[in-house]
Amino acid sequence: MSQTPFSSLKLHPALLENIASLDYEAMTPIQAQSLPPILEGKDVIAQGKTGSGKTAAFSLGLLEKLDVKRFRVQSLVLCPTRELADQVAKEIRKLARTIHNIKVLTICGGVPFGPQVGSLEHGAHVIVGTPGRVEDHLNRGTLKLDSVNTLVLDEADRMLDMGFQPALDAIIEHIPQQRQTLLFSATFPDQIQSIANRIMVKPVIVQVAATHDDTSIQQYLFKLDDDVERLTALRLLLMHYRPESAVVFCNTKQETQDVANALGDHGFSALGLHGDLEQRDRDQTLVRFANKSVSVLVATDVASRGLDIDALDAVINYDIARDSEVYIHRIGRTGRAGSKGIACTLYYEKEDYKIARLEAFLDQTFDSQPLPPYNVLEQATYQPPMITLQIDGGKKQKVRPGDILGALTGENGIAGKQVGKIQIFDNWAYVAVSRDAKKAALNKLSKGKLKGRSFRVRQI
Ligand code: AMP
């Protein structure tokens with residue numbers, strides 16, 4: 001915790017007085033770094049997870065600017081799920097206790113539309129909502145955002161994961177360009193950078209958590225005895241490290257498929273990715289790996305090019321890359337954005353010359369490591385946290401992420417945090433849900449309606 005007191009900020013005395021009564025003794029690091037530029041009216045991109053105090057950071061910013069006598073929507077906070085929106089609204093109300101007559105309204109999917117229209121007619125100063133439902137109200141003319149001067153995107157990476165990019169774009173069209181935009185995200189995939197470039201003006205970047213400088217890739221080489229099969233060595237490594245997401249690189253298509261099949265036979269959650277797959281199978285494979293319902297992807301270098309995964313726990317070179325630059329490219333996929341990653345390479349004595357070539361290229365020497373003990377094979381294989389449901393309706397049927405999220409999390413539904421990535425294709429959509437929520441999710445989606453229609457839903 002930083003030692004900077006809130007009183008060092010140019011905040012309204014009523015807000016400071018309230019903060020003092022809340023036992024917030026000092027600012028958290030993200031608050032200490034982001035609040036000064038936020039209060040100067042600058043656009044800010046901040047890396048902040050739940051628990052970092054990010055909500056208070058943007059909430060104080062928007063409350064300081066708020067003119068309570070002007071009964072118009074002045075701030076819009078967009079969140080990926082209803083639970084988060086409820087928490088954020090609660091925190092804003094708590095921080096705004098000393099501002100009389102302030103109205104904070106949540107507008108989220110998965111609940112009836114009608115009562116929201118009624119609440120919106122009564123007006124509000126701050127709206128906290130999920131993108132799909134906010135967009136719906138804008139389209140129906142039941143919400144106006146032409147007086148908004150602060151836009152907050154909270155957990156922006158999660159919103160993009162859930163496929164809300166089109167909804168965000170549509171919403172931003174309704175907000176004046178003269179505004180302050182604050183973006184909070186736990187991770188920074190390229191998509192965040194591109195959205196920031198489009199909607200923000202000279203943003204100040206605040207990174208409190210680990211940065212790329214702390215990124216570390218542990219490289220391990222395993223020289224195999226001639227009587228040890230590569231596949232056995234691979235199983236030992238997967239059992240020992242139990243990665244949530246790992247890519248195993250092979251040099252040929254045939255081997256890629258063989259290794260994926262063999263891992264499947266041994267109970268691993270593994271799929272192959274190579275150039276011979278039909279487009280639809282390729283899409284499904286990438287969807288399932290990216291949404292954490294498959295933990296091992298066995299791939300060729302060419303096929304893995306389109307892979308956009310933020311954090312791989314492990315890269316395993318089943319075969320040494322033919323080229324040292326390819327080796328660097330492969331292992332660079334792990335240990336991203338401050339997380340630790342491991343890169344394992346399997347080889348036989350007759351391939352010593354390849355290792356020597358790699359060492360010369362990297363100007364680094366490696367010691368071969370012993371393989372993990374064989375008894376790790378007696379354990380149960382790692383089972384990924386999510387499963388993927390396929391819905392036989394997509395863009396052409398006008399199915400949108402908010403519809404799926406709403407159907408899943410509506411009355412008696414599953415929790416927003418049990419919903420993972422949502423990806424919509426032309427004629428079908430995929431949603432990841434927690435393994436333990438599978439039955440309830442299947443039930444909600446197949447009995448419920450999306451866009452007034454029933455669609456076939458199944459686990460893939
Ligand atoms: P958040 O990361 O925004 O979800 O906040 C995590 C929790 O920390 C919330 O319950 C806040 O009420 C609380 N909190 C926020 N800022 C502070 C602070 N400066 N000191 C103590 N608690 C705080």
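These legends describe close-up views of a predicted model. Residues are numbered from 1 along each chain as its sequence is written. Local features need pLDDT of at least 70 and side-chain atom pairs count only at pLDDT 80 or more, while totals for chains, interfaces and linings use all residues; side-chain values use heavy atoms, with hydrogens and water left out.

View 1. Helix α6 spans residues 131-140. Helices (H or I, at least four residues) and strands (E, at least two) are DSSP runs, numbered from the N terminus. Eight of the 10 residues of α6 are buried, so the helix is largely enclosed by the rest of the structure. Buried means under 20% relative accessible area, exposed over 50%, and partly exposed in between (1.4 Å probe, protein chains only). The buried residues of α6 are Pro131, Gly132, Arg133, Val134, Glu135, Asp136, His137 and Leu138. Arg133 has a relative accessible area of 12%. Between the C-alpha atoms of Arg133 and Leu263 there are 42 Å in space, and the two residues are 130 apart in sequence. After α6 comes Gly141, with a positive phi near 75 degrees.

**View 2. The salt bridge between Arg400 and Asp136.** A salt bridge is a side-chain nitrogen of Lys or Arg within 4 Å of a carboxyl oxygen of Asp or Glu. The side chains of Arg400 and Asp136 form one, at 2.7 Å from N to O. Asp136 belongs to helix α6 and Arg400 to the loop between β14 (386-391) and α15 (401-409), so the pair ties together parts 264 residues apart in sequence. Arg400 is partly exposed, with a relative accessible area of 22%. A network of salt bridges links Glu135, Asp136, Arg400, Asp403 and Lys451.

**View 3. The salt bridge between Lys54 and Asp154.** The whole structure holds 20 salt bridges. In one of them, the side chains of Lys54 and Asp154 meet at 2.9 Å, N to O. Lys54 sits in helix α3 (residues 54-65) and Asp154 in the loop between β5 (150-153) and α7 (156-161), so that distant parts of the chain, 100 residues apart, are linked. Both Lys54 and Asp154 are buried.

**View 4. The salt bridge between Arg230 and Asp319.** The closest N and O atoms of Arg230 and Asp319 are 3.8 Å apart in this salt bridge. Arg230 is in helix α10 and Asp319 in the loop between β12 (314-317) and α13 (324-331), so parts 89 residues apart in sequence are tied together. Arg230 is buried at 13% relative accessibility, and Asp319 is buried at 9%.

**View 5. A patch of negative charge on the surface.** Asp225, Asp226, Asp227 and Glu349 make up this patch. Patches consist of residues with over 30% relative accessible area and no salt bridge, with like charges joined within 9 Å and nonpolar side chains (Val, Leu, Ile, Met, Phe, Trp, Tyr) within 5 Å. Asp227 lies in the loop between β8 (216-224) and α10 (230-241). Asp227 is exposed, with a relative accessible area of 69%.

View 6. Cys250 is in no disulfide, and its nearest cysteine sulfur, that of Cys344, is 14 Å away. Cys250 is buried, with a relative accessible area of 1%. Cys344 is also buried, at 0% relative accessibility.

Terms used
Accessible areas come from the Shrake-Rupley method with a 1.4 Å probe; for residues, only the protein chains shown count as cover. Lys and Arg count as positive and Asp and Glu as negative; His and the chain ends are not counted. The place of a charge is taken as NZ of Lys, CZ of Arg, CG of Asp or CD of Glu. A disulfide is a pair of cysteine sulfur atoms within 2.5 Å.
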